[in-house]
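Please look over the sequence and the structure before reading on.

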Amino acid sequence: LQDKGLDKKEVQNVLVEDARTGLDVETLKKAILNNLFYVQGKYPEIATRNDYYMALAYTVRDRLLQRWVASVKQYLEGKHRIVSYLSAEYLLGPHLGNNLVNLGIYKEAEQALHEMGLNLDWLIEKEIEPGLGNGGLGRLAACYMDSLATLEVPAIGYGIRYQFGIFEQDIRDGWQVEDTDNWLRRGNPWEIARREISYDIKLGGYVQHYMDRDGKFRTIWTPDLIVKGVAYDTPIVGYKVNTTNTLRLWKSEAPNSFDFQSFNSGDYSNAVNQKIICENISKVLYPNDETRSGKVLRLQQQYFFVSCSLQDMIGIHLRQGERIEDFQTTFAVQLNDTHPAVAIAEMMRLLVDEYDLEWVDAWRVTTRTFAYTNHTLLPEALEKWDMELFASVLPRHLEIIQEINRRFLDEVTVRVYGDQEKISSLSIIGEGPRRYIKMANLACAGSFAINGVAALHTELLKQTVLKDWYALSPEKFSNKTNGVTPRRWMVLSNPKLTELISSKIGENWIKHLDELKNLEKFADDPEFLQQWMDVKLEMKTQLAQRIVNRTNIKVDPESIFDIQVKRIHEYKRQHLNILHVITLYNRIKQNPEAEIVPRTFVFAGKAAPGYKQAKLIIKLINSVGEIVNKDPDVKGRLKVVFYPNYNVTNAQKIYPAADLSEQISTAGKEASGTGNMKLSLNGALTIGTLDGANVEIRECVGEENFFLFGLTAEEVENTKSDGYNPFHFYENNPNLKLALDQISNGYFSHLDDTIFKDLINSLLYDDQFMVLADYQSYVDCQDQVAEAFKDKVKWARMSILNVARMGKFSSDRSIREYCDEIWKVKSVPVTLNGTSSK
Ligand code: F58
């Protein structure tokens, strides 16, 4: 400090509460006007809604900065192991409301704005969410960042600052239409560009080896292209603690020194082209779900963010005065699926080529640093890279992977006594007409821990896709069932239910979700039951309003809100749900007086732009809706809604209004699911298969509070190996036959009998996902749902018990398990003005 001409006292004074840090209503009001003036350059009379949003956002950011700086300082002063979460996706959702909740100043901000004649919700809704993820995997990363901070665990999340996040979905004539997500168009008050933190990343080119004067082997990698990664930091504050961790996202740019030659030689357009190529790397999030083709840019993205992140971590480690050999004492690095798995090869390259470590020493560091989470069992979704493509982007890493594989297979051959099948299953390099690299195998070989994301998923991993790895190193395997943060998914999104719960059991449950248990004793209290039903009805009424605004469909808040919101995928079986809708519709048509419990079916979710069947499912939902919603015989008893552009913002409005949560994937296909947890936590009952975390949810809430149907994972496999014939189900089930025939012959599509042909054919003659096999069991189960819903009080009681027993599914619990069992890290409370929490 003295070097910089600063007095220690002066610097510390910044931390004393002042106009930029105070949390009371008066100070907040002053700060908002101050920021309106000094940041937006406006006075109230001419300020726009966005100006006010920005003024409030900067007011909140000032308060975060104080905690953020204190956290960084405290981490650097002591010797603490830091969690480094590597994820290609973070589906954060809007920051403003969440930061107000976690800072504990939501009410104060609301009051301050109210006194200024403004409305907080109106400003919160102005924020464009950062949709830097596809779905569950990206959202899990965001929940985990929240829990790490809340549990006061030193952590950095590393990822990519995509200029365009997940596409925006619009529905036109029933079809999905994609639009680009220009989320940065109004600026981003939540990030700080750290231009001084940047790294050069090499791509392509060739490798040379030589022996230096001291007889040491040296490697030179001469790239085709160098790109620069610049750090953009976002603070992640924990709930009512000072701890504020960093989410560091990398943006790609052209290096400063860039293309002087072309420029000097007058080749201006080439220089501009090269700049564009560099900027393209962090341009757009790939929307592919589960299956994807080998795209060079995707591999470049993965390597780009992983290399920036590892160089950054090594820098932090060395600046602490530590030896490179002890890297793993400073960082525990979690690989969120295989997308960052190239980190294992990059770590070896950095240690061996740049820091001169011997191979065995480098491998020791690497294999004590990384841990790998698997998120899928679908074999077609396991990442593979064509070897030639890989070599064209990362020539040095191919050599390193080959060396890792050579040494690894030497060891394995002895262990499996030459069993060729096992050796080729464990090999990191796949043989065939074209050779390829198996990223899951690289991740397993280079990690000290491997986990699945739900109990069933971990068991199936051990029995199927990672069977030989489990046999080789059972001690590496463990289960870490997913969880969700109750801050965003209850306190922020469902304030009414939050308040009702807290009025009975206090507020402790927000940080200790197990305490929801204490609600059980109120499950028979008539007053509480009534309040519970009132809150649900109010949330349904609000959603009904949004639905009519967005889709023009009028729905009845008293009907069952039957909700399936998630990515559209055949394995998630939105088409099974729609077959049930058609079945109810047919009951009405066959007997208009039939007793039908009114239902509103809400669907939402994006289909990968290149996934034909998924897009056809969206069209089918809308086509069925068009007929059912308008048919006078239905008398409004059934409504089908496709709510467009499912994202975090919309999810927050949908979950609180759900009565019934559809978790109907083919058993054995959904790794865990997290929407199942959020819906249940918000008081919805689940209709579901024994898949993913549904199994554990059912165990917790009790089988009497869970609507179970369908084949088990084992039965699915047996049915398939016995020669499953979907056509047989079609022929022998008149209701199923009728529904499928109606779809085929154009009943829902203005007599066009061609549109849904591919979908129907795949169901009748292939049906990989057992839709027809599970149809009757599903319909029967739905009949039980309808029957149960008739008794509103009984339903409310089930709903309360359900919520009371969801404590396990907090991401705090998941993160505690990762900390204790994998990362071996402890919390480090951050003090501010002498206290560690609000
Ligand atoms: C999801 N995977 C699982 N992948 O499907 C879900 O069961 C689980 O709850 C969740 O992870 C969290 O563990 C998932 O969301 C992706 O979005 C990938 C993005 C990159 C392309 C391949 C799919």
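What distance separates the centres of domain 1 and domain 2, taken over C-alpha atoms? The centres of the two domains are 37 Å apart. This is a predicted model, in which local features need pLDDT of at least 70 and side-chain atom pairs count only at pLDDT 80 or more, while totals for chains, interfaces and linings use all residues. Residues are numbered from 1 along each chain as its sequence is written.

The domain assignment of the protein chain gives domain 1 (79–93 + 129–161 + 179–481) and domain 2 (501–809), with bounds that come from an automatic or database domain assignment. The contact between them takes 27 residues from domain 1 and 20 residues from domain 2, where two residues are in contact if their C-beta atoms, placed from the backbone, lie within 7 Å. On the side of domain 1 that touches domain 2, the elements giving two or more residues are α7 (136–150) and α18 (455–463); helices are DSSP runs (H or I, at least four residues), numbered from the N terminus.

Around the ligand there are 19 residues, of which Asn-134, Gly-136, Leu-137, Ala-671 and Ser-672 come nearest; a residue is near a molecule if its C-beta atom, placed from the backbone, lies within 6 Å of it. Both domains take part, since the shell draws at least three residues from each of domain 1 and domain 2. By class, this shell has four nonpolar, 11 polar and four charged residues, with Ala, Val, Leu, Ile, Met, Phe, Trp, Tyr, Cys and Pro counted as nonpolar, Asp, Glu, Lys and Arg as charged, and the others, Gly among them, as polar.

Two helix pairs are set out below, with axes fitted to C-alpha atoms over the stretch in contact and angles running from 0 to 180 degrees between N-to-C directions.

| Helix pair | Angle | Axes |
|---|---|---|
| α3 (residues 49–77) and α4 (residues 96–103) | about 40 degrees | 10 Å apart |
| α22 (residues 526–551) and α33 (residues 792–804) | roughly 85 degrees | within 10 Å |

The angle makes α3 oblique to α4, whereas α22 and α33 are therefore roughly perpendicular to each other; angles under 35 degrees count as roughly parallel, over 145 as roughly antiparallel, 65 to 115 as roughly perpendicular and the rest as oblique. In the contact of α3 with α4, the residues of α3 include Leu-56 and Arg-63, and those of α4 include Asn-99. Leu-529, Trp-532 and Met-533 in α22 meet residues of α33, among them Lys-792 and Ile-800.
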